[in-house]
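Let's take a walk through this structure together, one piece at a time. Keep the 3D view open and follow along.

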Amino acid sequence: MTIDWLGHAGFMIKGDDRVIYIDPYLPAYDVPSEDMGDILLITQEHDEHCHPESIRKVRKGDATTLVPESVSLDFRGDARRVAAGDSLTGELAIKGVGIEVVPAYEGETLPEPQNGGVGYILEIGGLRIYHAGDTAVIPEMRDFSVDVALLPIGGRSPMKEEQAAEAAVILSPKVAIPMHYDPGRQDADPDKFSRMVGSGAPNIDVIILDPF
């Protein structure tokens, strides 16, 4: 199984003969046929998360796209509106991939969806992968069981390095991967995130990816 960071909050995940995109952001990349997506997961409507040009580039004709109810754009083909709490697992799994839709919001003092967005936990290749979307550290994280956590550390996300490290300690995944920052703009420090995770939970392996 492979996990590639596309920049911003975008990822391409390959496993079990499936290609999954989360918040694809590839405006300057021609996607080869073997990288066309079977499943697309959108966390919210901000352009760097829901980028129409990139979505058109990466989706197969029979792809399934999951979008939060708050997203106003219309999608062709098999597009499904989802909300936090939806569980597409077991017989409801999408093309053999179990997907749980989880909350993403500002925090305990404002338990409302951040930009109407969600996060996702998907099970593929024997691993449970959590994409946090745009969220603060929220109480629901204590109930998540995940192997890999994709956590925002910069940009317009409510979590910065400190909060993302706190989230990693709470989630206790095997692997934590920082996202939602621009290395060129230096709007976040992934090495700082790694050091803080190491201080709070040295058993977590922090992997810093280069954009695709």
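Predicted model: local features only at pLDDT ≥ 70, side-chain atom pairs only at ≥ 80, totals over all residues.

The structure holds two aromatic pairs. In one of them, the ring centres of Tyr-130 and Phe-144 sit 5.2 Å apart with their planes at 65 degrees, and because planes over 60 degrees apart count as edge-to-face, that is what we call this pair. Where do the two partners, Tyr-130 and Phe-144, lie? Tyr-130 is in strand S10, while Phe-144 belongs to the loop between S10 and S11, so the pair ties together parts that are 14 residues apart in sequence.

Now look at the strand that carries Tyr-130. S10 covers residues 127-131, and four of its five residues are buried, so the rest of the structure largely encloses it. Its partner is strand S11, residues 148-152, and the two run in the parallel sense, joined over three bridges. Tyr-130 turns up again here, standing opposite Ala-149 in S11.

Strand S1 (residues 2-7) pairs with S2 in the antiparallel sense over five bridges, and Ile-3 stands opposite Ile-13 in S2. The hairpin that S1 and S2 make has two residues between the strands, and His-8 takes a positive phi near 55 degrees there.

Is S2 itself mostly covered or mostly open? Strand S2, residues 10-15, is mostly covered, with five of its six residues buried. As a rule, side chains in a regular strand alternate between the two faces of the sheet.

Last stop: the pockets. The largest pocket has a volume of about 250 Å³. Which residues line the largest pocket? They are Pro-52, Ile-55, Arg-56, Arg-59, Leu-73, Asp-74, Phe-75 and Arg-76. Helix H1, residues 52-58, supplies the largest share of that lining, with three residues. By type, the lining divides into four nonpolar and four charged residues, with no polar ones.

Key
Residues numbered from 1 in each chain as written. Heavy atoms only, no water. 1 Å grid on protein atoms, 1.4 Å probe; cavity = no way out; pocket = protein on both sides within 12 Å on 5 of 7 lines; lining within 4 Å. Points joined across faces, edges and corners; volume = space filled by probe spheres on them. Nonpolar A, V, L, I, M, F, W, Y, C, P; charged D, E, K, R; others polar. Buried < 20%, exposed > 50% of the residue type's maximum accessible area, 1.4 Å probe, protein only. Pairing = 2+ DSSP bridges. Phe/Tyr/Trp six-rings, centres within 6.5 Å; stacked < 30°, edge-to-face > 60°.
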